[in-house]
Amino acid sequence: MLARLLRSLLQALFTLLALLAASFFLTRLAYRNPAAMLAPHNATQESIDSIANALRLNEPWWQQLWHYFYRGPDIQGAPMGLMNWPPALGYSFRKQAPVTDLILEKLPATLSLVLGAALIWFILSTLWGVWAARHQGRWQDQLTGVLACIFMSIPVLLSGILLSYVFFYLLTEAGWPLFPSSGYVALTDNPWQWARHLALPWATLVLVQVGVFQRVIRGAVLDVLGHDYIRTARAKGVGENSVHFRHALSAALNPIITLGALEIGTLLGGAIVTETIFGIDGLGRLAISSALDGDFPVVIGTTVIAGAGIILMTSLGDLLVRSRERA
């Protein structure tokens with residue numbers, strides 16, 4: 001078990017370093033003259049040169065990459081290098097702040113959006129999938145299959161706009177302002193307002209994911225229901241709810257854990273559309289605005305954080321599945 005854990009950690013570390021190197025070179029290709037893009041529009045050549053010198057853009061590429069991997073000279077008083085704690089992801093001249101500070105400022109909103117939506121869709125998908133498996137071949141199963149296909153077919157952009165129009169605009173026009181149109185309130189500031197502002201974004205992500213997970217859970221439970229120990233449990237008089245939830249679902253969790261971990265990791269770095277529709281100032285909006293502004297240190301930083309989220313969640317899911325198999 002320890003050897004597998006070490007192998008998984010080394011694999012995750014190698015993947016993260018490869019991602020960082022790829023992001024580094026791709027941004028260099030995309031932004032031919034990053035110092036000029038980061039400088040004000042009326043900046044002199046001297047100002048552009050000073051930004052290039054501060055970011056060490058005149059040094060060889062391998063030396064720049066080494067500064068980023070390990071430790072480099074401070075930029076505007078901010079540390080540089082992943083070996084600092086917390087890891088220093090560079091400095092944004094566009095926003096006049098260290099990249100790590102910018103990411104840590106936006107991260108709570110994205111985590112609230114993704115983890116809240118994941119909890120909701122997991123609960124709904126579990127109930128819905130087991131219910132469909134319990135009524136295999138009947139109208140209930142066919143209805144859930146049709147609804148799942150509809151939910152999977154609706155793009156995130158369209159579902160977000162429809163939910164905002166119906167549950168914000170129409171309800172507000174009718175004198176029932178239940179949900180705000182946009183924005184984010186921190187959980188520590190006001191839990192009720194936090195939930196109100198995230199209700200529609202959560203629903204947007206849940207609609208996309210619940211159809212997929214419902215079909216996965218249904219299929220996994222149906223695969224298990226034909227096993228001998230399920231028939232033995234029924235012969236002993238175990239109730240159907242216990243058979244489906246306690247025995248069948250518990251045995252069918254491995255593919256659900258694997259897919260769920262991957263989806264959560266992906267959403268940590270990919271909830272861009274939802275954040276844009278509902279005005280949530282999270283990592284997605286930070287990445288998009290930085291890419292448009294040519295702020296390549298922030299682009300690399302957000303890419304690394306998104307990749308780290310995917311790697312972390314997939315590694316945790318893999319370790320959990322392996323521990324269940326050993327048990």
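Guide: In this predicted model, contact means heavy atoms within 4.5 Å.

Visitor: Leaving aside neighbours within four places in sequence, which residues is Ser 164 in contact with?
Guide: Ser 164 is found in helix H7, which spans residues 156-173. Once its neighbours within four places in sequence are set aside, the contacts of Ser 164 are Tyr 169, Leu 200 and Phe 278.

Visitor: Is Ser 164 buried or exposed?
Guide: The relative accessible area of Ser 164 is 16%. Buried means under 20%, so Ser 164 counts as buried.

Visitor: Which helix gives the largest share of the nonpolar patch?
Guide: The patch covers about 570 Å² of surface and is made by Trp 131, Trp 139, Leu 143, Val 146, Leu 147 and Ile 150. Its largest share, 5 residues, comes from residues 139-153, that is, helix H6.

Visitor: Is Trp 139 buried or exposed?
Guide: Trp 139 lies in helix H6 and is one of the residues that make the nonpolar patch. Its relative accessible area is 57%. The cut-off for exposed is over 50%, so Trp 139 is exposed.

Visitor: How many aromatic pairs are there?
Guide: Rings of Phe, Tyr and Trp pair if their centres lie within 6.5 Å. By this rule the count of aromatic pairs is 5.

Visitor: What kind of pair do Trp 128 and Phe 151 form?
Guide: The ring centres of Trp 128 and Phe 151 are 6.0 Å apart, and their planes stand at 65 degrees. Planes over 60 degrees apart count as edge-to-face, so the pair of Trp 128 and Phe 151 is edge-to-face.

Visitor: How many residues apart in sequence are the parts that Trp 128 and Phe 151 tie together?
Guide: Trp 128 lies in helix H5 (residues 99-134), whereas Phe 151 lies in helix H6. Trp 128 is buried at 16% relative accessibility, and Phe 151 is partly exposed at 21%. The pair therefore ties together parts whose separation in sequence is 23 residues.

Visitor: What is the angle between the planes of Phe 167 and Phe 179?
Guide: Phe 167 and Phe 179 form an edge-to-face pair, at 6.3 Å centre to centre. The angle between their planes is 85 degrees.

Visitor: Where does Phe 179 lie?
Guide: Its partner Phe 167 lies in helix H7 and is partly exposed, with a relative accessible area of 33%. Phe 179 counts as partly exposed too, at 22% relative accessibility. The pair ties together parts 12 residues apart in sequence, because Phe 179 lies in the loop between H7 and helix H8 (191-225).

Terms used: Residues are numbered from 1 along each chain as its sequence is written. This is a predicted model: local features need pLDDT of at least 70, side-chain atom pairs count only at pLDDT 80 or more; totals for chains, interfaces and linings use all residues. Side-chain values use heavy atoms; hydrogens and water are left out. Patches are made of residues with over 30% relative accessible area and no salt bridge: like charges are joined within 9 Å, nonpolar side chains (Val, Leu, Ile, Met, Phe, Trp, Tyr) within 5 Å. Accessible areas come from the Shrake-Rupley method with a 1.4 Å probe; for residues, only the protein chains shown count as cover. A salt bridge is a side-chain nitrogen of Lys or Arg within 4 Å of a carboxyl oxygen of Asp or Glu. Helices (H or I, at least four residues) and strands (E, at least two) are DSSP runs, numbered from the N terminus. Buried means under 20% relative accessible area, exposed over 50%, partly exposed in between (1.4 Å probe, protein chains only). Rings of Phe, Tyr and Trp (its six-membered ring) pair if their centres lie within 6.5 Å; planes under 30 degrees apart count as stacked, over 60 as edge-to-face and the rest as tilted.
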